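Biologist: I would like to learn how to read a structure like this one. Please take me through some features, one at a time.

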Amino acid sequence: MNFRAIKRQRVDSGIPSSFAPRRVARPIEKKIWAVPISETIAGTQQDETFFTCTYPVTITGLRWDLSFLATAGTAPATYAWAIVRVPSGSSVETMDYNSGTFYSDEANVLSWGIGLLCPSDTPDTARYTSSTKAMRKMKGGDTLHFIYVGEATNTVGIAGGIQWFEKS
């Protein structure tokens with residue numbers, strides 16, 4: 001049987017193509033948030049709210065570019081960071097990179113990192129540049145947070161940015 005000789009037959013539904021229903025594109029809005037350069041990761045967990053949802057949206061296309069630099073101390077500096085979704089009426093949980101549970105509820109963690117930098121007298125830097133395909137549906141009042149914690153004496157400076165898309 002010669003398949004090249006067989007022509008495809010057009011299936012006609014009886015409805016002119018100009019009347020076929022079209023999908024309506026969902027509006028997409030791009031957002032970029034700059035991590036405040038003056039921030040220092042020390043012994044107390046810090047929390048930066050960078051998005052508060054006012055109407056239902058889907059967060060997608062999350063990307064980040066974060067740089068870390070040892071700023072004080074004479075011993076290696078340990079630090080941890082995370083991008084988390086916090087449902088309306090809830091508060092940010094405490095990160096703990098010294099135990100088996102980093103953050104509870106893990107389902108709300110969109111991205112995270114833990115690092116160790118050389119002391120500030122031998123400048124050491126770390127850079128996290130990545131993205132995720134994770135998507136989260138958000139309701140009005142839900143928030144996105146950038147949280148970080150380190151050590152009290154061996155501190156780390158941070159700078160960078162976070163990008164995401166909102167589909168309504």
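Modeller: Start with one contact. Arginine 85 forms a salt bridge with aspartate 142, and their closest N and O atoms are 3.1 Å apart. A salt bridge here is a side-chain nitrogen of Lys or Arg within 4 Å of a carboxyl oxygen of Asp or Glu. The pair links distant parts of the chain, 57 residues apart: arginine 85 sits in strand 5, aspartate 142 in the loop between strand 8 (136-138) and strand 9.

Biologist: What kind of model is this, and how are residues numbered?

Modeller: It is a predicted model: local features need pLDDT of at least 70, side-chain atom pairs count only at pLDDT 80 or more, and totals for chains, interfaces and linings use all residues. Residues are numbered from 1 along each chain as its sequence is written, and side-chain values use heavy atoms, with hydrogens and water left out.

Biologist: Are arginine 85 and aspartate 142 buried or exposed?

Modeller: Buried means under 20% relative accessible area, exposed means over 50%, and partly exposed lies in between (1.4 Å probe, protein chains only). Both arginine 85 and aspartate 142 are buried.

Biologist: How many salt bridges are found in the whole structure?

Modeller: The search finds 4. One of them joins the side chains of arginine 127 and aspartate 65 at 2.6 Å, N to O. Arginine 127 is in strand 7 (residues 125-131) and aspartate 65 in strand 4, 62 residues apart. Arginine 127 counts as exposed, at 58% relative accessibility. Aspartate 65 is partly exposed, at 28%.

Biologist: Now the sheet. What holds strands together?

Modeller: Strands of a sheet pair through backbone hydrogen bonds, either parallel or antiparallel. Strands are DSSP runs (E, at least two residues), numbered from the N terminus. Two strands pair if DSSP finds at least two bridges between them. This structure has an open sheet of 4 strands, in the order 3-9-5-6, with antiparallel pairing. Strand 3 (46-52) and strand 6 (109-117) stand at the edges with a single partner strand each, so one side of each has no neighbour in the sheet.

Biologist: Which strands does strand 9 pair with?

Modeller: Strand 9 (residues 143-149) is joined to strand 3 by 6 bridges. Threonine 52 has threonine 143 as its bridge partner, and threonine 49 stands opposite histidine 145. Strand 5 (residues 77-86) pairs with strand 9 over 7 bridges. There, isoleucine 83 has phenylalanine 146 as its bridge partner.

Biologist: How do I read the two faces of a strand?

Modeller: In a regular strand the side chains alternate between the two faces of the sheet. In strand 9, both faces are covered. Thr143, His145, Ile147 and Val149 are buried on one side, and Leu144, Phe146 and Tyr148 on the other. Since 7 of the 7 residues are buried, strand 9 is largely enclosed by the rest of the structure.

Biologist: How many aromatic pairs are there?

Modeller: Rings of Phe, Tyr and Trp (its six-membered ring) pair if their centres lie within 6.5 Å; planes under 30 degrees apart count as stacked, over 60 as edge-to-face and the rest as tilted. The count comes to 11 aromatic pairs. Tryptophan 33 and phenylalanine 50 are stacked: 5.1 Å centre to centre, 20 degrees between the planes. Tryptophan 33 lies in strand 1 (residues 28-35) and phenylalanine 50 in strand 3, so the pair ties together parts 17 residues apart in sequence. Tryptophan 33 and phenylalanine 50 are both buried.
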